[in-house]
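Welcome, and please bring the model up in your viewer.

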Amino acid sequence: GFEVNKSAYSDLFGLDAAQTSIVYDWLEVWDQLRICCGMQMSMVWRKFLVNINHPSDKEWAATKFTSAESPVAYCSRLNLTAMETALMQTTLYKAMHFRVPMLGKMSNV
């Protein structure tokens, strides 16, 4: 998960405890959203959304998704709008949006 090597990344980027907390508050929400939205969306979830075919066990096994549940089950149970809103409320997101305002738009998908 996103917490792997937390101290290594903190050391690599020279972050203090407060800065590390700000980054990981954002990363916790983003890590979940990326599986269900955008360019990093799970291929299995994308197929499900566009009604191609429910992915086979073989296709699911071929993904890099490491949860015990399929991406379809995982993304279906999340309130993605609430998560996207929560992401936009993080300190890091607000700082990024201040510098690059186009980041301030919620997705339309």
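**Stop 1: a helix pair**

Start by selecting α2 and α6: α2 passes α6 in a left-handed crossing (left-handed if the near helix is turned anticlockwise from the far one by less than a right angle, right-handed if clockwise). The contact is built from Trp26, Val29, Trp30, Gln32, Leu33 and Cys36 on α2, and Leu80, Met83, Glu84 and Leu87 on α6; contact means heavy atoms within 4.5 Å. The two axes come within 9 Å and cross at roughly 145°, with axes taken as lines fitted to C-alpha atoms, for helices over the stretch in contact, and angles running from 0 to 180 degrees between N-to-C directions.

A word on what you are viewing: this is a predicted model, in which local features need pLDDT of at least 70 and side-chain atom pairs count only at pLDDT 80 or more, while totals for chains, interfaces and linings use all residues. Residues are numbered from 1 along each chain as its sequence is written, and side-chain values use heavy atoms, leaving out hydrogens and water.

**Stop 2: along α6**

Keep α6 and colour its buried residues, Met83, Glu84, Leu87 and Met88 (buried is under 20% relative accessible area, exposed over 50%, partly exposed in between, with a 1.4 Å probe and protein chains only). Why do they sit on the same side of α6? They cover an arc of only 140° around the axis, the arc being that of the directions from the helix axis to the C-beta atoms. These buried residues pack against α2 and α7 (91-99). Now pick Leu87: beyond residues up to four places away in sequence, Leu87 touches Trp26, Val29, Trp30, Leu33 and Tyr93.

**Stop 3: the core**

Next, show Cys36, Trp45, Tyr74, Cys75 and Leu87, which touch the most other members of the 18-residue largest nonpolar core. Such a core is a set of buried Ala, Val, Leu, Ile, Met, Phe, Trp, Tyr and Cys residues joined through side-chain atoms within 4.5 Å. The largest share of this core, seven residues, comes from α2.

**Stop 4: a loop residue**

Finally, select Met41, in the loop between α2 and α3. Is Met41 buried or exposed? Met41 is buried, at a relative accessible area of 12%. Setting aside neighbours within four places in sequence, Met41 is in contact with Arg34, Ile35, Cys36, Arg46 and Leu49.

Definitions and conventions
Helix = DSSP H or I, 4+ residues; strand = E, 2+ residues; numbered from the N terminus.
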